[in-house]
Amino acid sequence: MTLKECYEGLGGDFDSVLLRLNREQLVEKFIYKFLDDKSFCLFKTSMENMDYAEALRAVHTLKGICQNLSFTNLYESSSITTLALKENDYQKAAESMPQLSEDYHRIINAIQMYQSSKGE
């Protein structure tokens with residue numbers, strides 16, 4: 001599997017991230033770091049605890065990471081959730097969680113498949 005194929009699998013824009021980071025090695029480095037990022041877990045826990053300020057901070061961080069890495073689908077779903085929380089529409093934020101979770105896990109799975117294909 002190539003890095004471009006990985007991006008196709010995760011619903012991202014490979015050409016955009018490559019323009020931004022200039023080298024595939026940097027793209028690879030940062031997508032691997034994404035596997036260790038705790039923003040999604042913090043967001044999920046904060047929503048469960050109804051700590052909406054912390055949930056907003058976490059999902060906003062996730063949105064920024066996705067924008068930088070051109071994770072298009074997750075960027076879009078995290079943007080919807082961020083806006084809902086900024087508007088104190090906690091019901092809409094909760095309703096957006098299944099799509100956000102699906103997009104997040106799609107990325108994690110695609111990165112892990114990419115790693116496996118490289119023997120890492």
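## Close-up views of a predicted model

View 1. The model is predicted, so local features need pLDDT of at least 70 and side-chain atom pairs count only at pLDDT 80 or more, whereas totals for chains, interfaces and linings use all residues. Residues are numbered from 1 along each chain as its sequence is written, and side-chain values use heavy atoms, with hydrogens and water left out. Glu-28 counts as buried because its relative accessibility is 16%, where buried means under 20% relative accessible area, exposed means over 50%, and partly exposed lies in between (1.4 Å probe, protein chains only). When residues up to four places away in sequence are not counted, Glu-28 touches Leu-3, Tyr-114 and Lys-118, a contact being heavy atoms within 4.5 Å.

**View 2. The salt bridge between Lys-118 and Glu-28.** A salt bridge is a side-chain nitrogen of Lys or Arg within 4 Å of a carboxyl oxygen of Asp or Glu, and in this pair the closest N and O atoms are 2.7 Å apart. The bridge links distant parts of the chain, since Lys-118 lies in the segment after helix H7 (90–117) and Glu-28 in helix H3, 90 residues apart. Lys-118 is partly exposed, with a relative accessible area of 38%, whereas Glu-28 is buried at 16%. By the rule given above, the count comes to three salt bridges.

**View 3. The salt bridge between Asp-15 and Lys-4.** The closest N and O atoms of Asp-15 and Lys-4 are 3.5 Å apart. This pair also links distant parts of the chain, with Asp-15 in helix H2 (residues 14–21) and Lys-4 in helix H1 (residues 3–10), eleven residues apart. Asp-15 has a relative accessible area of 48% and is therefore partly exposed, and Lys-4 counts as partly exposed at 38%.

**View 4. The salt bridge between Glu-54 and Arg-57.** Here the closest N and O atoms are 2.5 Å apart. Because Glu-54 and Arg-57 are three residues apart in helix H5 (residues 52–69), they are separated by about one helical turn. Glu-54 is partly exposed at 23% relative accessibility, and Arg-57 is partly exposed with a relative accessible area of 44%.

**View 5. The largest nonpolar core.** A nonpolar core is a set of buried Ala, Val, Leu, Ile, Met, Phe, Trp, Tyr and Cys residues joined through side-chain atoms within 4.5 Å. Of the 33 residues in the largest one, Tyr-7, Ile-31, Phe-34, Phe-43, Phe-71 and Leu-74 touch the most other members. Two or more residues come from each of H1, H2, H3, helix H4 (39–48), H5, helix H6 (72–86) and H7, and H7 gives the largest share, nine residues. Leaving aside neighbours within four places in sequence, Ile-31 is in contact with Leu-3, Cys-6, Tyr-7, Phe-71, Ile-111 and Tyr-114.

**View 6. Cys-41 and Cys-66, without a disulfide.** A disulfide is a pair of cysteine sulfur atoms within 2.5 Å, and a search of the whole structure finds zero of them. The cysteine sulfur nearest to that of Cys-41 belongs to Cys-66 and is 13 Å away, which is too far for a bond. Cys-41 counts as partly exposed at 45% relative accessibility, whereas Cys-66 is buried, with a relative accessible area of 1%.

Notes
Helices (H or I, at least four residues) and strands (E, at least two) are DSSP runs, numbered from the N terminus.
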